[in-house]
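Thanks for coming, everyone. I'll keep this brisk. Have a look at the structure first, and then we'll go through some rings and strands.

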Amino acid sequence: MLKVAIFDDEFIVIEGLKKMIDWSKYGMELVGTAKDGNSALSLFHSEHPDIIFTDIRMPGIDGLQLIEKVLAEAPETKCIVFSGFNEFEYVRRAIRLGVIDYLEKPITIPMIEEALQKITLRINQEKEMSELRSRWDRNRQELLQKATLDLLLEGKEAITRWRESFGDEAKQVIGITVIAISGERPSLQLNASFKAVLVWNGTTQILVLFHFENNPEQLSELLIEWSEQEEVTIGSGQTYLNITDISKSYREALHALRYGRFLDSKGWTKFEEVGKNNKIPEDLSAQEEAILYYMRTGNKEGLLGQLDKYIQWLDSQKLNPDMMESEFLKLVYLGMEVVKETGEETQQTGYYPQKDIRELNTREEMTTWLYSQMEMMMELINSSKKSNKHKAVEKAKEYMEKNYHQDITLQEVADLVGMNPNYFSLLFKEEMGLTYIKYLTKCRMEKAKVMLKEGQKISEVSEKVGYLTYRHFSEVFKKYTGMTPGQFKENK
């Protein structure tokens, strides 16, 4: 029910309206009365009435002052004033403040009932308009989400539909970044520099950022803070200036999320951090992507299970023998590129897969051959891990501990140890139990603790350990130690 309050210093007015108006008839409840402005304001704060009837002249703050305070705090409140004869100037001021009606004294029951009917009609109309507006906004948002999903999946074929759904702001978009999210629907803080559209691709939450400004440092800080506070795993594709490249950023985001899940349970993984092999095409099927993923992570059981699914998928395509042979060879060549990422070679003397498969006649023979090739490559990968892991990781650790104050990238560290970034990141996590970025953070925080204990200024320490802003450094430090840098200094 709607709450009503009456404020008037005349006893007869308050008592008359209490007893002679059937408030429930209008879907209303009288929640309180007051005889002076100060008491009226207290009642407003305690009861939050939807409708207020108030006299203009009252002890304490007058009715106009009261209305001004009420509408400043709750502009949706409906206010009606009682005015005496020759109080037209007060009435004009009340109307300017936003009252919806005024009743001239002496007040009669029919006057109040007519006012209640007007209020009820107005509230119902506003409610209908609000519902229509909400429905319109929901429909518009749904259309935008569908158009954005089409843009991800179809690329430039869907640009026209997306522009129509996005509206005039589409002309202001100067870049796009796609983010894949693992977990619940987290809410990214609103920001004037981009518009975020959340869609569901059937398996994963996808957040598309349409940029209005080029501010990579601000975006980076926002995503770090967001992923840490929400405790989700997110993978981001690269930012592209051309909207037609959105499909690239989408594939990269899914790629980064997959490896981010393997590397760490929570946090942000950039596509740039997991690296890529330029010799592997970007338009792989989901089955091929999954096979390469299991090879890189050294998961033989997962690889064999995914190969089963891959064979079933090929069977469903009803390929002829030549096409089946082509698909098998393609997968073997892709596997060979993954092996090369480890520094190993499959090009032993006499290894010619294209020749070997031509000598096979049946589907069963080709399938058995494919399994044997993939298992052979898996053994090479795992063998390489055993022989190279410790040496490469130790060299990387030494480099990070010396250069923690610089903006060290995964590519830089991987180049140092002569490995593909994708493979090295997996190797480092397997050896250390931490991702390379987590290890780098640990180095920085331990150095920062020493500097703070020495009495160095927090702003100077932040810069010395490689953070561009004090705010980001402070947030990371608190998460690592449980204290802000200032509290740590005090407790040294």
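Which residue lies over the face of Tyr467? Arg444 does, at 5.4 Å from the ring centre. Keep in mind that this is a predicted model.

Ring pairs connect Tyr467 with Phe473, Phe477 and Phe488, and the four make a cluster. So Tyr467 takes part in that cluster, and its face also has Arg444 over it; the cut-off for a charge over a ring is 6 Å from the ring centre, plus a limit of 35 degrees from the ring normal.

There is another charge over a ring. Lys195 sits over the face of Phe166. The distance to the ring centre is 4.8 Å here.

Now the ring pairs. How many aromatic pairs does a search of the whole structure find? The count is 13. I'll show two.

Take Phe53 and Phe82. Their rings are stacked.

Next, Phe428 and Tyr439. This pair is edge-to-face, with 70 degrees between the planes and 5.7 Å centre to centre. Again, distant parts of the chain are linked. Phe428 is in helix α16, residues 421–432, and Tyr439 is in helix α17, residues 436–453. They are eleven residues apart.

Are Phe428 and Tyr439 buried or exposed? Phe428 has 0% relative accessibility, so it counts as buried. Tyr439 has a relative accessible area of 7%, and it is buried because the cut-off is under 20%.

Last topic: a strand and its partners. Strand β6 covers residues 175–182. Is it mostly covered or mostly open? Mostly covered: seven of its eight residues are buried.

Which strands pair with β6? One is strand β8, residues 205–211. The two run antiparallel, and seven bridges join them. Within that pairing, Ile179 has Leu207 of β8 as its bridge partner.

Another is strand β9, residues 233–236. This pairing is antiparallel too, over four bridges. Here Ser182 has Thr233 of β9 as its bridge partner.

That's my tour. Over to you.

How values were computed:
Residues numbered from 1 in each chain as written. Predicted model: local features only at pLDDT ≥ 70, side-chain atom pairs only at ≥ 80, totals over all residues. Heavy atoms only, no water. Phe/Tyr/Trp six-rings, centres within 6.5 Å; stacked < 30°, edge-to-face > 60°. Buried < 20%, exposed > 50% of the residue type's maximum accessible area, 1.4 Å probe, protein only. Pairing = 2+ DSSP bridges.
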